[in-house]
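Open the model in your viewer and keep the selection tool ready. The tour goes stop by stop.

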Amino acid sequence: MRGFIAVNPKPFSLDECRDDIALIVQTFGRYLDGYPTKTSRSKHGLLGPVGKIIQGVKSRKWQAQSLIGYALNIHTANRRTRGFISPESSAALAEGVERLMALYDTVPPAFRERLLDQVDYGLYYLQRKKSSDWLEKRNVSFRKFVRERYPTVDAALQAWGDKPGIAASFDELRFSAAELAKAKGKKREDLEAFRQHFAEAAGEEIEEEQEG
Amino acid sequence: MPTDVRQAAAELMLRRGWKHKAGKQHGFHQSLFEHTMLQLDLLKQLTPVLLAREHFSVTQNELRLLQAGVVAHDVGKETPEWQEYIYGRGEWVSHTVPEYTRQHLPEFMDALGFTDLATEDVLRVVENCVNLHMKYARNPGSLFAAALSVKDSTATDRWWTLARIVDAADNICSANGIWDGLSALERSVFSDHVRAGHHLLTIRGVSTPLLHQSALDAFIALGWFPLVHYTNGTIYGASRASDVQGPTRDDIRDRLTARIADICGKNVTKLVVGNPTENILPKPELIEHAESRQYLAQAATRIGRRSFASKKREDRLRVVRAYLKLKGIPEAMAEERLSELSEAISEAQPEMVVFKFFKGLMSEGLVGKEGFGLAALEYETLFGPGSWPALQSTSTLMPAKDMTLTIDFFHSLPGVAAMNPAERIELLVEKLDSIAQFVFRAVAEPPSRGRLAARMSEGFLVDLVSPAESSDIKSDAQRQLAFYSASKPFAGREVRKAQYFCPICNRPFLAGAKALADFVSKPESHTNRAVSHGPFQKVMVCADCKNERVLRQLLLGKRPEEMILLFPRMNISPEAGSLLVNRVREIYNRALSIIEAEDGDTTRNITFSLTGPMANKAAGRDLYGLTSEEVLDLITYRSGEQKMRTRRRDTEKALRNLFEDDIDELNDDWMTHFTDWDEASEALLSNQVPKARDVRLQVLKRIPQFGAVCRTPHLIILPLSYPISVEKDSDTNAALRKLFTSALIALSLDTAVAIVTDDESFPAAGIDGVVRVPPVPAVRALIERVRISRSSRSERPALERRHSEWLDLDEAELWLRAIGAAARLTGATSYPASSNLFAILTAASPGHILRRIETQGGAVLAQPSHFALIEQVKEVLV
């Protein structure tokens, strides 16, 4: 009789890949920092080509290089990129794809779905947090800007023709592109001035940031 | 030691964040603050011995050096490297680092007000106390260097004695339990000067704090001073020059009897009168014969006069038919007749309960055969022949039968039928009470609570391990084994000549009590303590365990659902213990005043269950520095306007019900002149009717729902009459709430906290942390996963073996933050209410929580505040 076949399966936990997943998320995050999102209101819009990359990895039909090419094509098809991708973004994209595919192959099949889920939602959280932090930073800057121009929040509201009491203190003031679009008179003047001021200070261009 | 040194030391340690830092971790858990403060207090307790000429003859300046040495002795533990090591996340590092000591000691001297002593040579003496307090740091080289460093010192020539005193204080306070503590004291420099004594007991429940207090008082009365309190006892000291003796068990028992008698004298009427549909006399041992009238009157309130009339027609019809059948009256049931009889039965229901209680009160078990016979005679003299057997044939409340066998006899007395219901009740209570009093006067031993206190204290004294009575351990073990072997067939049966083994305290007994649902949940359910075949009525428990449960009900006025237990984190000094006890009492008394809305503010109330509001208040606060008022504020919430409108409506409704829609009756009762119900309700809500205090508390449901057994710091118990959960909570969600509440209390009061149900045993042994995790597998598994994922790889195998029953200090902070943040996210995430906390804390990633918020919020993006909360939850997402 044949002897027993002894097996000693090692339990696997995605926790073991925590650092690798975090690195992949950070790498794709670096890439997306240079990608002009069409909208940050949807997860699809926020993740841009990375969403397609995750689907591609899951399908297991792609080689790393071809998947990178596919993603670059999506990137340049976005009109806001004007057909351009920076070398840093390009390198981050390639690095992210390669790391993800390599990790995907080392993970047991039962955990692959969850791995992609972690990358997908990890990246979503990262990008939304960056966006939220940026908006908060802009609001803080806006409050400081208004405080320098008006002695009290009521004075600011009066100058802008807003209802008194809609903001009890400077801390309740918020800047938004939508507010700027519909502002008139002194208010428009102030908001526009702030937009310029903030763009210059941050060295970037204010576009259509969405807020909750 | 002047209080200002203690205060200055506390402020210094708070500034250095020592409440956040672990001082002791393995075996027991203490913050660096607690560990150091314990030693400072020990020094204070020992000061008379230190100063005495026949002992150490320490000078005032040397005493100050000792205080500085004790406060600074573990300064090296505050370093991040040592903290990483103690939490198992880093390699071993020593906490006696001479350079570090030298660098920080001047700040200590300054903070303690010892600036005049902060000269170079004095500092060297204190440095030696700090650097040499660990055994591994004492070697010929280090001792020689220490001696050289103080060779020209003018501060003291006894640097080595002082260093040994600091070392001894550290060893005594670091001992893991009473035996280790006694051993450390015996081995120390104090052994020739301080006589050691101790009391030790096993933890049972609410009787335990009473026993602790009795033992503590007995020792102090004889001249001992407490040194260190543990959960299960205290180490005492006395000068070896004195001639003090330890107290006897009898002395402790007498003190315990007095304490129990004091508790037994309060709030018993409602407990004596039980439920007419179950057991009308669940606790006969609480009866005091002189109070029979109160009990009978209380029995009349156990059922409403309208309860039967408001039942469905079919139910009433069934009862009325049964009644007519028992009376032998033909059953021609017109609608009018049905209403008339329904009304009569309904009105008579309170009287039925009075009869039922009277029957119990006059049972042979309480008044003996002789009393029983006398009662029969008197009863039949009043109600006529055959009325006593009729009364005896009644059981639990059965309206048709009770109407025939008791009420009809009563109503046939001259003039009774014409009386209104209130007058009838009054007359019935008076008549039955006069029979009862006649019987009690005639019998030799009428029921009395006085004997109960003595019986209880005699029983609870078995928990006192030391001072011990001489006993033969071997024969005790043999008896235990014999009873255990024989007990299975008797576990669910009350029979003579049985040998029982208590399923609660595991003690053998011969005569105990049948467990009733009144004090043990599901007493008839299967237990492995019984054989699997044959009859099983209710599990038998020992008299002491029954008495323990009776005592719990006496303290709260009803059976507690859960109990919040506060233990010292391994040990506590008498000084810190006294502060803790006073603090808890102060919080409790203020909480009572809020619950009873004494200031007329009915919008405020106390909660241990509303995790969200508690977390909102705790957010951003340093829990370690809160005053009693601030701690109370954490558990106080305010009802919204809509809730208040509902409350006003309910109040009016309740008043209308109570006074049967008659505002004049209300005015007569309250001696007021209200013209309408709205006015009366408003006055009641704002506490303007002093005479209506009880009605107010009842209508507003402001009956205190938690009590406090706060006698000594060994064990403080807050029994709750409700479980810590919200309406739809699953067991898992409720367990997370309990964990949050426990952590909040543990961190703000510097104690270890456990929340147990009335049926659970107290976690007496192995308090291995500062917060006990409720015994819900899903929650314990979550705690374990997070613990393992936060540890270093080398620590994991050890952690996998460690039970996840207790959280240590940094874990308590972590889970307080995480559960609090989850509670504040429940609205935005809209997970099902039954499991919302658990769903958030076990989300696959922070992104999943964010996605949930943004898909539930009607395309509204998450706010910065949401990200801040998710970041806190993220710490436990694995």
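Where is the place of D668(B)? Select chain B and go to helix α27, residues 663-670. Helices here are DSSP runs (H or I, at least four residues), numbered from the N terminus. D668(B) is exposed, at a relative accessible area of 62%. Exposed means over 50%, buried under 20%, and partly exposed in between, with a 1.4 Å probe and protein chains only.

Before moving on, note that this is a predicted model, where local features need pLDDT of at least 70, side-chain atom pairs count only at pLDDT 80 or more, and totals for chains, interfaces and linings use all residues. Residues are numbered from 1 along each chain as its sequence is written, chains are lettered from A and ligands numbered from 1 in the order in which they are written, and side-chain values use heavy atoms, without hydrogens and water.

**Confidence in chain B**

Color by pLDDT, the predictor's confidence in each residue, from 0 to 100. Chain B averages 88, and 97% of its residues score at least 70. Confidence in chain B is lowest in helix α32 (residues 796-801), at a mean of 59. The highest is in helix α34 (residues 836-841), at 97. The model scores ipTM 0.86 and pTM 0.83.

Over all chains, a search finds 67 salt bridges. Each is a side-chain nitrogen of Lys or Arg within 4 Å of a carboxyl oxygen of Asp or Glu.

Select E95(A) and R99(A). Their side chains form a salt bridge at 3.0 Å, N to O. They sit 4 residues apart in helix α5 (residues 87-106) of chain A, so about one helical turn separates them. E95(A) is partly exposed at 25%. R99(A) is partly exposed too, at 37%.

Next, select R147(A) and D171(A), a salt bridge at 3.6 Å, N to O. This pair links distant parts of the chain, 24 residues apart. R147(A) is in helix α6 (residues 109-149), and D171(A) is in the loop between α7 (153-160) and α8 (177-182).

**Back to chain B**

Select R337(B) and E340(B). Their closest N and O atoms are 3.7 Å apart, in a salt bridge. Both lie in helix α15 (residues 335-361), 3 residues apart. Last, select E548(B), R552(B), R559(B), D758(B) and D759(B): salt bridges that share partners join them into one network.

Technical notes
Helices (H or I, at least four residues) and strands (E, at least two) are DSSP runs, numbered from the N terminus.
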